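Please look through the sequence and the model below before reading on. The briefing that follows takes up pockets, cores and backbone geometry in turn.

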Amino acid sequence: MTGVKGVQMKKEDLKRLLEDMSLEEKIGQLVQLPGFLIEGGSVITGPALEMGFDEETLYNAGATLSIFSFEQIKEIQDQFMARQPHHIPLLFMGDIINGYRSVYPIPLGQGCSFDPELVKELSAMSAKESSAEGLHVTFSPMVDLVRDARWGRVMESTGEDTYLNSCFARAAVEGYQGKDIADAGNVAACVKHFAAYGAPEAGRDYNTVELSERTLMDDYMPAYQAAVDAGVEMVMTSFNTLNRIPATGNSDYMRTLLRDTWGFHGMLISDWAAVNELELQGIANDMAESADLAIHAGVDMDMCTPVYASSLKKLVADGKVSETLIDESCMRVLELKNKLGLFEDPYHHAEQADPKEVLLCNEHRQLCLKAAEESIVLLKNKRDILPLAKEGLNIAFIGPYAEAHRLYGVWSMLGREEDTVSVKEGVEMIAQGNTCTFAKGCRMLDPKYPLCGFRGMEKEEETDDEELLLDAMMKAKRADVVVMLLGEHPAQSGEGGSRGDIRIPKPQRKLLKEIAKVNSNIVTVLFHGRPLDIRGVDRRSKAVLAAWFPGIEGGNAVARILFGESDPSGRLAMSFPYSVGQVPVHYDHFATGRPFNGDISNRFQSRYQDIPNEPLYPFGHGLTYTTFDYTSVELSDDVMTKEKPVTVLARIKNIGNREGTEVVQMYIRDLKGSVTRPVKKLKGFERVTLKPGEEKTVRFRIDRDMLAFTGADMKFSAEPGEFYVYVGASSACDRHVSFTLKD
Ligand code: GLC
């Protein structure tokens, strides 16, 4: 099916349609209905407001979301088009952020792959499966830069770095949208949450964002702009404020920056109920004022509330909102439908598709496995305890994730346990030569903290904790090696998933402590949606693997890496803090006037008295089963001009005895600027796979544009002066060469 061309109406036909529509119809196109209003039940991802939709508005609506089956979509599309005065098709949208049925790692795990090409393939696969079931739009990629592991939605981001997020944003949009969204197998992408939702105060979801304009523009905005430059069809507003004006009512960014400066001509949709929440945020007195603010800010569609539906008509009649504004927004909605070819084929080729051919097909499973393997980060491997031998060992696999099948993130709308390979199943596929035992060991969660998930309270089966512990201890005592499989519950991250204590749940901490008393040969594999405070885990483990929520092939990926069938190649896209007290912590911080020099007898420096400044594991960190040596790092020239960029040449060699993949990272430091400059900024990376003894020269081009920032004059430009260039295996690399930028 992929690639079958769609047919679009001519622009003048669209114009005639708009001219022929009544004001009620045009306002109706600006309304998105929650799926549960029009079919039995869907995931409620936002406040379930008392819906004040009347019948007319219902049938004039422009879109709906969270309906995930072609039969239902077809039935609803036919019903609505028959009732709609001009038979205008609905847009069907949904949160497919890490795969449809072939569920792959959460975006933060994808970020650890440092492999944008992989994410492009994954997004294309997700689009193929979603569109085969009738979906038109996915609310992805989320490109919010994240530095605060308390925030549950870090799992949806590709991490703390501006450049890395921009690379992934572009890749995802290209993957989802393909060459033409009218073609079968493609969907429209929606970049979110615009903007800077990843910086909520105190890491608490939906909270205020307070950023300097320079930090906003230089660190947070580039990834959204990368998505816009890649041709993303939709943008979603964020819940938070920007300079104290909620994004959904903020013309400075939604119109002036997004449309006038960046040239975005696509559709802007609010986040769930965000138009209605302008009142709660204290910048509107009532729904009418909220609608007035949002439509003037350029928000084309009101997600899942009746604010536009109940207010815009009167605002036009009262002369507060010109009908031209309604026409502009309505035209953007019609243009998206036309770009998808929906006026010709309201099912977007899904009627001809055979989902059984694409959903969970072997090719897709293999891609999910590859992604899961590339997302896993080997944080620690003392005395090379890993990889484990495939025979002759007694290995005890202990923890709530030893046999679990829910290895996918909380947003995995169509993820199914029956589609997922558990660690036990993965291990039994590989390590038949070993004696492997399995034990749950403890409950997943601390019963003192009941957990509410996306679909209500998360219930954990009753457990005999004593019995579980006894069984685990017995197996651990007999084992040569213990593999602990621990982590967060999937619903402990994602929307509404902020946590003040970012350790693994208490029952699991207790279990690890008890096991460590009887066996010190411990490897720990973590399943999680955020960087965790793992000091206790790290202290008691000889090796630690960060597996994130790896998706349906998670069990196979973990087993293959544990036994060396596959080499770990992931690198942290977000720092693991030493403790939550450090948060927000990120590698590209400023030097301050009193950088800590290690001398603790000098009180008056920028440091803590009780913990280090550095994270436990920094951005870019990740080990392999071999060793790489950076034999040389040179520059093509030590002077750069506007006309003459410089090239960095880094020679690396695999000096170990196994093949491995290094993610060579290139950082730049601007030693002095008209404003303070970060101690490092990632400006290039390359995955390099080398056999033992093999070496390669990796080249990075540095030009003047890469050195630009928002200076004291608020202009985005590079400033002459000295620059350091670091090339290494993580943001902690300290060996550098330098060049001077002339005017
Ligand atoms: C939610 C989320 C957003 C999601 C939308 C639709 O509140 O903030 O990321 O796309 O609603 O489910």
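**Pockets, cores and backbone**

The residues that line the largest pocket divide into 20 nonpolar, 10 polar and 16 charged, where Ala, Val, Leu, Ile, Met, Phe, Trp, Tyr, Cys and Pro count as nonpolar, Asp, Glu, Lys and Arg as charged, and the others, Gly among them, as polar. This is a predicted model, in which local features need pLDDT of at least 70 and side-chain atom pairs count only at pLDDT 80 or more, while totals for chains, interfaces and linings use all residues. Residues are numbered from 1 along each chain as its sequence is written, and side-chain values use heavy atoms, with hydrogens and water left out.

**Pockets**

- The largest pocket holds about 1,100 Å³ of space; a pocket is an open set of points on a 1 Å grid over the protein atoms alone, where a 1.4 Å probe fits, with protein on both sides within 12 Å along at least five of seven lines, and lining residues have an atom within 4 Å of a point.
- A volume is the space filled by probe spheres set on the points, which are joined across faces, edges and corners.
- Of the 46 residues lining the largest pocket, the closest to its centre are Thr162, Asp218, Pro222, Ala708 and Phe716.
- Helix H9 gives the largest share of this lining, 10 residues, where helices (H or I, at least four residues) and strands (E, at least two) are DSSP runs numbered from the N terminus.
- The second largest pocket has about 890 Å³ of space, and among its 29 lining residues Tyr587, His589, Asn613, Glu614 and Val679 lie nearest its centre.

**Nonpolar cores**

- The largest nonpolar core has 205 residues, and Met93 and Phe194 have the most contacts inside it; such a core is a set of buried Ala, Val, Leu, Ile, Met, Phe, Trp, Tyr and Cys residues joined through side-chain atoms within 4.5 Å, and buried means under 20% relative accessible area, exposed over 50%, and partly exposed in between, with a 1.4 Å probe and protein chains only.
- H9 gives the largest share of this core, 8 residues.
- A second, separate core of 25 residues includes Val648, Ala650, Val664 and Met666.

**Backbone geometry**

- Most residues other than glycine have a negative phi, and most peptide bonds are trans.
- The peptide bond from serine 140 to proline 141 is cis, with omega near 10°, and proline 141 lies in the loop between strand E4 and H8.
- Asparagine 243 has a positive phi, near 50°, and is partly exposed, with a relative accessible area of 42%.
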